Amino acid sequence: MRAFRKALITAAGRGTRQFPATRTLQKEMLPLVDRDGITKPALQLLVEEAVQAGIEQIGIVVNPESEAGIRAYFGALTEEEAGWSDDKQLLYEQAEHLQALGERIVTIVQKEPLGLGHAVYLAKEFVGDEPFVMYLGDHVLLSHTERNCTTQVLDIYQRTGGTLSAVRPTPEGRVPLYGTLSGEPLSHLPTALHVHTMIEKPSIEEARRRLRMRSLPEGVYYCFFGINVFPPRIFECLERTIVEGITLKGEYQLTTAQQMLVQEGDYYACEVQGEALDIGIPQGYLEAQTALALAGTFGEALRHWLKQRGGCDS
């Protein structure tokens, strides 16, 4: 199979669960100290993830208020920034890196908040007639192996084709927060399954009734991880939802189109050795920063600091 050239990041949501921090700042631009010790917005971490996996071009779905700021962030140094005297080497290294990333980025404006499905549909022209990787922009990905999460997913895709969604085992108490699926494990790929049922944010009772898998412990389900590999066919399914006015709470849902692909029978899922941390909620934001910090440059110092406070034994 040919290498993947394009990825899509959805970053147009208003971030209401992180208000007031998101009053003037897009939630995907909330800062985090990365594993290399450099402070970056969460969106940059995803762009770097895609580039490290070999992606050539990245479309970012933005809202009208955030587009200028995001484009400026991945642009050249301003005159004022160039005049800063502190740590010139770091300044110019990072500015050059951001410009190189920016050359790969195309912004796609979602003028109205009509849902995730609508946001993805707007990328139809950008994607064209090839499969693409899609990320949720408010997720921070942290691999537990030397290969990043995207590379792991693409490795599985080379053996499944079709549509592929990364999933994570999730306790049933959090199932109502996420799209959840079930299926038959593949005998030749222990970490993958052929999907037969998918429900957007099911109740615990519905999950117990329709989504239980014998291969998972009791009370554990497969929820979306935040990485999908879609064929161009997804746009036909999304167009159908828009034309027919199929909405949930007034929004076009991506999972509605995904369910159509499930019905066509060529839909797979795979477990990823890693974490997808949702920075769209306060607890998830804290978890993302803690996980990055413990896995990075300041990990040892942070563990020592936590032990002094009686808060970390590992």
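The model is a predicted one, in which local features need pLDDT of at least 70 and side-chain atom pairs count only at pLDDT 80 or more, while totals for chains, interfaces and linings use all residues. Residues are numbered from 1 along each chain as its sequence is written, and side-chain values use heavy atoms, with hydrogens and water left out.

**Strand β4 and its partners**

I looked up β5 (residues 105-109) and found that this strand pairs with β4 in the parallel sense over five bridges, with isoleucine 108 of β5 as the bridge partner of valine 61. I then turned to strand β1 (residues 6-10), which runs parallel to β4 and is joined to β4 by five bridges; here alanine 7 stands opposite isoleucine 58 of β4. For burial I used relative accessible area (buried under 20%, exposed over 50%, partly exposed in between, with a 1.4 Å probe and protein chains only). Five of the six residues of β4 (residues 57-62) are buried, so this strand is largely enclosed by the rest of the structure.

**Aromatic rings**

I counted rings of Phe, Tyr and Trp (its six-membered ring) as a pair if their centres lie within 6.5 Å, with planes under 30 degrees apart called stacked, over 60 edge-to-face and the rest tilted. A search of the whole structure gave me four aromatic pairs. One of them joins phenylalanine 132 and phenylalanine 230, a tilted pair at 5.9 Å centre to centre with 55° between the planes. Because phenylalanine 132 lies in strand β6 (residues 132-136) and phenylalanine 230 in strand β11 (residues 220-230), the pair ties together parts that are 98 residues apart in sequence. Both phenylalanine 132 and phenylalanine 230 are buried.

I also noted a stacked pair of phenylalanine 132 and phenylalanine 235, with 5.5 Å centre to centre and 15° between the planes. This pair links strand β6 to helix α9 (residues 233-243), where phenylalanine 235 lies, across 103 residues. The relative accessible area is 0% for phenylalanine 132 and 2% for phenylalanine 235.

**Charges over rings**

The charged end of lysine 6 sits over the ring of phenylalanine 126, 5.1 Å from its centre, and arginine 212 lies over the face of tyrosine 221, at 5.6 Å from the ring centre.

How values were computed
Helices (H or I, at least four residues) and strands (E, at least two) are DSSP runs, numbered from the N terminus. Two strands pair if DSSP finds at least two bridges between them. A charge sits over a ring if NZ of Lys or CZ of Arg is within 6 Å of the ring centre and within 35 degrees of the ring normal.
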